[in-house]
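Let's walk through this structure together, one neighbourhood at a time. Please keep the 3D view open as you read.

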Amino acid sequence: NRGMNIVRYLKYNLFVRGLYMLYSQYFGIKRSRFGYVAESVILTPPLNILNKGNCFIYDHVSVGPNAHISTPNAKVIIKENCAIAEGLTIHTGNHARICGKWVSDIKEEEKPNGCDKDVIIDRDVWIGCNVTILAGVHVQRGATIAAGAVVCRDVPAYSVVGGVPAHVVKFYWTVDEVIAHEQKLYPEEQRLCRMQLEELFQNRI
């Protein structure tokens with residue numbers, strides 16, 4: 001029908017899309033629209049976030065330019081003291097396939113359950129440039145993600161991951177060094193104990 005044709009035209013018109021993207025990336029970063037953004041958070045434009053209400057960013061996080069965070073039906077949670085370089089991409093959802101419909105015509109409300117999952121980035125995480133993180137991933141605290149990685153499964157605490165798909169390359173410190181690090185930064189009840197760390201490191205060797 002005519003209404004659908006107008007919507008399709010606007011959706012695929014490069015000039016209209018360009019104007020919208022320019023506005024949203026440079027002038028549409030209003031903290032009040034987010035689920036939560038701490039005052040100490042640094043967001044460097046251009047920044048494109050789909051559904052800011054599902055995005056939660058906590059204290060002392062910096063996000064570099066050219067980030068794209070897609071959160072249509074699930075949350076992105078970035079906890080305190082994370083450093084994120086330019087070119088971050090996070091997708092909390094996946095495309096669906098429905099018999100008899102073009103993939104480009106499938107609306108969010110038509111997608112089957114399970115396509116969208118939260119992405120959680122814990123404290124003290126360092127993310128290199130041009131990293132992609134996919135739906136359902138939990139990046140545990142102290143982890144480092146190498147530049148260009150595509151992360152499609154959980155990242156262990158204090159590990160260094162890289163590659164496509166990302167895998168554990170090594171652990172950043174020894175168990176003793178992690179314990180010393182956490183003693184300086186975390187209250188006792190929040191620290192990982194030696195047994196937890198040794199089990200974690202052993203399982204990933």
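Predicted model: local features only at pLDDT ≥ 70, side-chain atom pairs only at ≥ 80, totals over all residues.

Residues are numbered from 1 along each chain as its sequence is written, and side-chain values use heavy atoms, with hydrogens and water left out.

Let's begin at the hairpin formed by β16 and β17, which has 4 residues between its strands. Helices (H or I, at least four residues) and strands (E, at least two) are DSSP runs, numbered from the N terminus. Strand β16 covers residues 159-162 and β17 residues 167-171; the two run antiparallel and are joined by 4 bridges, where pairing takes at least two bridges found by DSSP. One place to look is Val 160, whose bridge partner in β17 is Lys 170. In the turn, Gly 163 has a positive phi of about 105 degrees.

Now for the rings. The whole structure holds 4 aromatic pairs, counted for rings of Phe, Tyr and Trp (its six-membered ring) with centres within 6.5 Å; planes under 30 degrees apart are stacked, over 60 edge-to-face and the rest tilted. The pair of Tyr 158 and Trp 173 is tilted, because the ring centres lie 6.1 Å apart with the planes at 35 degrees. Tyr 158 sits in the loop between β15 (150-151) and β16, and Trp 173 in the loop between β17 and α3 (175-185), so this pair ties together parts 15 residues apart in sequence. Trp 173 also forms an edge-to-face pair with Tyr 172, at 5.3 Å centre to centre and 80 degrees between the planes.

Trp 173 is partly exposed at 29%, and Tyr 172 is partly exposed at 40%.

Finally, look at Arg 141, which lies over the face of Tyr 186 at 4.3 Å from the ring centre; the criterion is NZ of Lys or CZ of Arg within 6 Å of the centre and within 35 degrees of the ring normal.

Note on methods: Buried < 20%, exposed > 50% of the residue type's maximum accessible area, 1.4 Å probe, protein only.
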